[in-house]
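Here are some notes for a first look at this model. Please read them with the structure open.

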Amino acid sequence: MRHRHIAGLINVYEVSDPVEIKAVGDDPVIDRSFETSTCPVNWFLLKRSINALSFRGRRFPTMEPRQCSSRARAQEQLWQRLNEQIPDIKAGPVSLAPIAEWVKGSGRDDAVGILTQQLLGGLFRSNFTATQETWAAALVLIKAPRSWNLPMLFWWLTTGKLKRAKAVLAGQVGGDLSAVNAIGIAVHNIVKGLHHMRALYADTSTRTALSPDAAAKQCLRAPVSIYRQSTADGTVLGIAFKKHSLFVLNIGVASQIDDGHSLVFMENSWSRCPAALWVPAMLEGVWRRASEK
Ligand code: HEM
C-alpha cells in the first residue's frame, strides 16, 4: 500500500496488491460514504467522481455506502433477476447473434459498443434502443470520473455536456441508476473483453482450442480502480490511517494477477457486482454462438 501524503494537501492510499485490496474492502471503517470536507487533492478526486456518478441529486449505486438499505436491496434484487437468466444466456441465444457476428469479424471495430449497450439496456427496458447518441453519451460518462484533462472537464461542466449525457442515458431507462451504470459505465468493461474475444477468435488454433468457459474467463476486464474513504481513524494491515483518508483500489491491475481474479467483480465483498455471474455467462454464450452456430 502506497501512501501519498502531504499535510493539508493530499492523503491518498493506493492499493494494488490483491490481499491488501481485500483487507481494505472488508474494513468496516473504510466505506463509500464519500464526504468532500477534506484536503484539496482528495476533494478534487472525490468531487470529480461524485459529480460524474450522480444524477439529479442521487448517487449511482456504485457510490452509495455499505449500510444504505435501498442500495443493498436493489443489489440483491438485480443479482436474483440476472442469475435467473443465466441458463438461457449461457446457451448463446439469438439475442447474442449481433455480438457473436462481430466477434467473428464482421462490422467495424467500434461497432461493438452500441451492440453491447443494446444488450445491457434490454435487461432493464424491453423497448430500450441503443443509438449513436446513447453510445456517445456513454463515452462521455466513462471519461468523466477519472480524467486529468482539466480543460475538457471544465468545458463539460460549463456547457452541461456531462449532465446532458446522463440525461440521455437516464431518459432511456426511466431514471434507474443501476441501469445507467450498466449502459454508461459497466458496458465499457464488457466491450474491452469483447475486443479481446475478437482477437482470440481470429486465431484459428485458439478458436478451436478454447472452451466457452475458458474463453469467457480470459475476457473478463475490471474497472481500473474503485474508491473508498475512511469514516473514522483506524488501522488496516497494521497501518494507522486518519478519518477521511481516500483509498484508491487498483482492481484493474490486481484482478489480472494470480489470487486477484475475484476482484473483477469484488466478488467476496459487500459491494459485489450483481452481474458477477451473468457477465461471464453472457461472454460464454457469445463464444458458444460464434464458434458453434
Ligand atoms: C465486465 C463487466 C462488469 C464489471 C467488471 C463490473 C464490476 C463491478 C465492480 C468491481 C463493482 C463493485 C464496485 C465497488 O466495490 O465499489 C460493481 C458494482 C456494481 N455493478 Fe458491476 N460490473 C460489470 C457489469 C455490470 C453490469 C452488466 C451491471 C448491470 C446489469 C452491473 C451493475 C452493478 C451495480 C448496480 C453495482 C453496485 C452494487 C452495489 O454496491 O450496490 N455491473 N461492478
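1. R56 lies in the loop between β4 (54–55) and β5; helices (H or I, at least four residues) and strands (E, at least two) are DSSP runs, numbered from the N terminus. The phi of R56 is positive, about 45°, although R56 is not a glycine. Most residues other than glycine have a negative phi. R56 is exposed, with a relative accessible area of 71%; buried means under 20% relative accessible area, exposed over 50%, and partly exposed in between (1.4 Å probe, protein chains only).

2. A word on the basis of these notes. This is a predicted model, in which local features need pLDDT of at least 70 and side-chain atom pairs count only at pLDDT 80 or more, while totals for chains, interfaces and linings use all residues. Residues are numbered from 1 along each chain as its sequence is written, and side-chain values use heavy atoms, with hydrogens and water left out.

3. M266 also has a positive phi without being a glycine, here about 50°. Is M266 buried or exposed? M266 is buried, at a relative accessible area of 8%. Its place is the loop between α13 and α14.

4. C273 is in the loop between α13 (251–254) and α14 (278–292).

5. R66 is found in the loop between β5 (58–59) and α3 (69–84). With a relative accessible area of 29%, R66 is partly exposed. Beyond its neighbours within four places in sequence, R66 is in contact with D26, D27, P28, D31, R71 and W270, where contact means heavy atoms within 4.5 Å. R66 and N42 are 24 residues apart along the chain, and their C-alpha atoms are separated by 21 Å.

6. M1 sits in the segment before β1 (2–6) and counts as partly exposed, at 27% relative accessibility. Not counting residues up to four places away in sequence, M1 touches Y13, E14, V15, E20, V24, V236, L237, I239 and F247. From M1 to P280 there are 279 residues in sequence and 30 Å in space, C-alpha to C-alpha.

7. A91 belongs to the loop between α4 (86–90) and α5 (97–103). At 43% relative accessibility, A91 is partly exposed. A91 and E284 are 193 residues apart in sequence, yet 8.0 Å apart in space, C-alpha to C-alpha.

8. Now the chain as a whole. The protein chain has 14 helices and 9 strands. For 293 residues, a compact globule would have a radius of gyration near 19 Å, and the protein chain agrees with its 19 Å; the radius is taken over C-alpha atoms, and the globule rule is 2.2 Å times the number of residues to the power 0.38. Along the principal axes, the C-alpha atoms fill a box of roughly 60 × 45 × 35 Å.

9. Of the 293 residues, 50% are buried. Among contacts between residues at least 6 apart in sequence, 71% join residues at least 24 apart. The protein chain exposes about 13900 Å², of which carbon and sulfur atoms supply 56%; accessible areas come from the Shrake-Rupley method with a 1.4 Å probe, and for residues only the protein chains shown count as cover.
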